[in-house]
Amino acid sequence: MEMTSRMKQMLQVLLRESSAVSVKYLADQIGVSKRTAQRELESVNAALKDYSLAFVSRTGVGIWIEGSAEEKNRLLAVLSAGDDYDAGNREERRKRLILEILKEKGLRKLYYYSSLFDVSEATASADLEAVEGWLAHYGLLVSRKPGSGISIQGSEENYRRAIRGFIDENIDTKMMREVYGEDGYDVSAYRVLKKSSFGRILNNDIVKRVMDCITRLGHNRVLTLTENSYVGMIIHISIAIHRIQKNEVIDYDENWQQEIAEDEDYALAKVIVKELEREFQIEIPQVEISYICLHLKGAKHEKIQWNEGDQLRIENKQLQQLVNDMIDAYDVRQAYLMKQDDGFIQGLLAHLQPTLIRLVYDMQIQNPVLDDIKDSYPDIYHRCEKVAEVLKEFTGKEVPEQEIGFLTVHFGAAMVRLEGRKEKIRRVQAGVVCSSGIGISRLMSSKLEKLFHGRMKLTAYGKHDMTPYVMSKTDFLISSIPLEQAEIPVVFVNPLLSEEDIENIRHMVSKYERLPKKQKEADEFSMQLEEVNLVASQINTVIKYMDFFRVDNCISFGELLIAIGEKMSPYSDCQEIIREDLIKREQIASQVFAEFGFALFHARTKGVTRPAFSICMTKNLEPFADPYFKGIRIVFIMLAPADGNTKVNGDIMGYISSMLIEEYEFMDIVQKGEQEEIRNALSRNLKKYFNKYIGGFS
């Protein structure tokens, strides 16, 4: 049984007394009536079950705690640790009431809640009425039975949805901030959780053992969970274990459970359940595997999982098409350029997979900056409402505004990057940090680039990317999350960057642009010369080796990739690498753009050793016959080597990509199919790029 605050007060009084005392004396010490003290003392032995102590009551003598001094001191130390619970804080009290109801689903008398929260029964009743609306939102009804107590009526699925909803709603409130941030990271996750408000309400022993089980597994899928998702899963499992230990019957819908695919997440959930059964010596119902599996699928991760080290594993063709449809719904005019933004595509895919799970199974998520997003980016949010309509059609479920807010972050970052392509090279080296380095940090980086153009060079990092090498080349960090002690200054900001945040960053920029660089000026000038030489060499290579070739009108997509490989490399192994990398890129999002009349097959690949740009058309310059090409006439091929010159090559190829849309004269020349004319036009445009690049150093 959980100790009430009154019980803790009583025990503290009894433990400090050296002899027996009367019940009246005890009641006076804690400020309650003798009758209330007597009722509370009925449960005192249950409260002492974890200690080698006993409560003794003898008529004519009094009451006392019997046991060794060592055990008494051990209990007193636990009681003295205290709880920051304030009975007068109605909001926190009602949150605790909801959690207690969800944890103890069985019958409880009103007196239990009044004692637990140090309030009158009338106040406890009023609190219960106040939380009924919240419970009803999840299909749970409060049942009052005179003489018996209070219980919760509702399906197991609704009950679990309520637990998940409560965790998500409170993950960023005072109750949960204690778990993962305010006290820093110099203590273990268990110690932080244990001293939080949630930890005190839950059974500490269960929580610790659950966390130990999960930690022992060492599985990457669990280790990469964000703090919020990790804590949420621990709490959810702990409540389930608590119910099972009480032999509470857990009902479930078999049809619902059968809808869960038995994939790698399901297999991991089975491993977790097996470990929990071994730890607690209990039999866990099969349905718990499904609930843990859903939690894994719907959780956010600090890092997305990659296939063979470089591409997100995407096998579902429907998901690929869904991403394209979402981008088209956002802005059909900008869709082509947005689909070229690999960082945006990867980030959206990583976000989309758990989002679909949450929508399909009505799982809630909290967005603490939703109002700021709406206020700061109303146009992007409105466009993302159209994106949400695509998701609604795909899932058959309404998309909550919290999810639309997260979509706004991803689409907003992509749009700001599009507008900021022509920014100059930054002089101050700054790192922008969020949990994953994919979403929030990208949006902040894009906004800062617009505000501080020409003054900062920004790089997005995940929390675990803070290596000594990164620190050595960075002047200061801008972070939206708590960080362990860093070797360089950190500006902590709201993800939406308030005016105060921007002013603090401006102060740091002003400071560091006036301080000596981390490298000597002479070294920097030498590096600039080397970079200029590299850019000139790469541009010259692109122009010199630009190829134009024609193929049969009826060629298939697969056959064309073979032809491209043969044109781009004389070596058979490299040809196959090129073909495979182009297929992988096409699987993420199709690069055939019927609206522009061309395809742009591009990849970063080990199949080439230099950047390469080629153009392919049919023999009679008419459209490709294969329906896969959607009636286009031109295929552009851009390949960049997988070497250390990613940025230089990416900027050059990015300029060429923009040129295909913005330079109508170039496209007119390409359509004539004359190789030397195309080469001359390409040379003229890349000369403009090089001149602008050189101007960036002035």
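1. Let's start with a strand pair: β11 and strand β14 (residues 612-618) run parallel and are joined over 5 bridges. Two strands count as paired if DSSP finds at least two bridges between them. Within this pair, D547 has S614 of β14 as its bridge partner. Because 4 of the 5 residues of β11 (residues 547-551) are buried, this strand is largely enclosed by the rest of the structure. Buried means under 20% relative accessible area, with a 1.4 Å probe and protein chains only.

2. Before going on, please note that this is a predicted model, in which local features need pLDDT of at least 70. Residues are numbered from 1 along each chain as its sequence is written.

3. Now compare an antiparallel case: strand β1 (residues 53-58) and strand β2 (residues 62-67) are joined by 6 bridges. Here A54 sits opposite E66 of β2. The hairpin has 3 residues between its strands, and G60 takes a positive phi near 85°.

4. Next, two helices: α31 (residues 646-662) packs against α32 (residues 664-672) at about 85°, with axes 6 Å apart. That makes α31 roughly perpendicular to α32, a label that covers 65 to 115 degrees. On the α31 side, the contact (heavy atoms within 4.5 Å) uses M659, L660, I661 and E662, while α32 brings Y664, F666 and M667.

5. Finally, look at helix α1 (residues 5-16): its 12 residues reach 17 Å from first C-alpha to last, close to the 16 Å expected at 1.5 Å a residue. That expected span is 1.5 Å times one less than the number of residues. Among the buried residues of α1 are M7, M10 and L11.

Conventions: This is a predicted model: local features need pLDDT of at least 70, side-chain atom pairs count only at pLDDT 80 or more; totals for chains, interfaces and linings use all residues. Side-chain values use heavy atoms; hydrogens and water are left out. Buried means under 20% relative accessible area, exposed over 50%, partly exposed in between (1.4 Å probe, protein chains only). Axes are lines fitted to C-alpha atoms, for helices over the stretch in contact, and angles run from 0 to 180 degrees between N-to-C directions. Angles under 35 degrees count as roughly parallel, over 145 as roughly antiparallel, 65 to 115 as roughly perpendicular and the rest as oblique.
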